[in-house]
Amino acid sequence: ERAVALNPKNAVYYDWLGRAYATQAQNVSLFKAPFLARKAKDALETALALDPDNLDVRDDLVRYYAGAPGFVGGSKEKAGEMVLEIKKRNAYRGSLAAANLCARCSLS
């Protein structure tokens with residue numbers, strides 16, 4: 001949070017903030033988890049808005065959308081759309097993202 005406050009135009013800082021919130025959301029009570037999950041989504045989407053070509057951010061959003069419940073912004077469709085955007089920018093990374101999404105969806 002401090003890094004984002006010092007440099008609010010840095011997509012990497014927002015990406016790591018989103019990752020931190022997502023990790024916290026997995027390890028707190030069911031009452032706190034939705035708030036942290038929304039903060040994670042907001043941070044990741046801010047990172048994407050700042051740097052649309054950042055594939056790490058897009059990968060993190062695929063994981064978020066695929067793993068989060070719908071009431072906090074999760075969506076298999078959004079995850080699939082993000083995979084297509086990754087493929088447009090890098091075929092190899094897009095194929096990996098697609099495989100990871102398929103594996104995650106088959107486990108759900």
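In H5, the buried residues are Ala79, Met82, Val83 and Ile86; buried means under 20% relative accessible area, exposed over 50% and partly exposed in between, with a 1.4 Å probe and protein chains only. They cover an arc of only 105° around the axis, which puts them on the same side of H5. That arc is taken from the directions from the helix axis to the C-beta atoms. Turned away from the buried side is a face with the exposed residues Glu77, Glu81, Leu84 and Lys88.

## About the model

Please keep in mind that this is a predicted model, in which local features need pLDDT of at least 70 and side-chain atom pairs count only at pLDDT 80 or more, while totals for chains, interfaces and linings use all residues. Residues are numbered from 1 along each chain as its sequence is written, and side-chain values use heavy atoms, with hydrogens and water left out.

## Helix H2 and its neighbours

H2 runs over residues 11–26, and these 16 residues reach 23 Å from first C-alpha to last, close to the expected 22 Å. Its buried residues are Ala11, Tyr14, Asp15, Leu17, Gly18, Tyr21 and Ala25. They cover an arc of only 165° around the axis, which puts them on the same side of H2. They pack against helix H1 (2–6), helix H3 (33–50) and helix H4 (55–67), where contact means heavy atoms within 4.5 Å.

On the face turned away from the buried side, H2 carries the exposed residues Trp16 and Gln26. The ring of Trp16 has the charged end of Arg19 over it, 4.2 Å from the ring centre; for this, NZ of Lys or CZ of Arg must be within 6 Å of the ring centre and within 35 degrees of the ring normal. At the start of H2, Asn10 places a side-chain oxygen within 2.9 Å of the backbone nitrogen of Val12.

Ala43 counts as buried, at 5% relative accessibility. Leaving aside neighbours within four places in sequence, Ala43 is in contact with Tyr14, Leu17 and Gly18.

## The loops on either side of H4

Asn54 is found in the loop between H3 and H4 and counts as buried at 12% relative accessibility. Its side chain reaches the backbone nitrogen of Val57 at 3.1 Å. A polar contact is a pair of N or O atoms within 3.5 Å; within protein, one must be able to donate a hydrogen and the other to accept it, and residues adjacent in sequence count only if both atoms are side-chain atoms.

Ser75 lies in the loop between H4 and H5 and is buried, with a relative accessible area of 16%. The side chains of Ser75 and Glu77 make a polar contact at 3.3 Å. Not counting residues up to four places away in sequence, Ser75 touches Tyr65, Ala66 and Ala68.

## The aromatic pair

The whole structure contains one aromatic pair. Tyr64 and Tyr65 form this edge-to-face pair, at 6.2 Å centre to centre and 75° between the planes. Rings of Phe, Tyr and Trp (its six-membered ring) pair if their centres lie within 6.5 Å, with planes under 30 degrees apart counted as stacked, over 60 as edge-to-face and the rest as tilted. Both Tyr64 and Tyr65 are buried.

Conventions: Helix = DSSP H or I, 4+ residues; strand = E, 2+ residues; numbered from the N terminus. Expected span 1.5 Å × (residues − 1).
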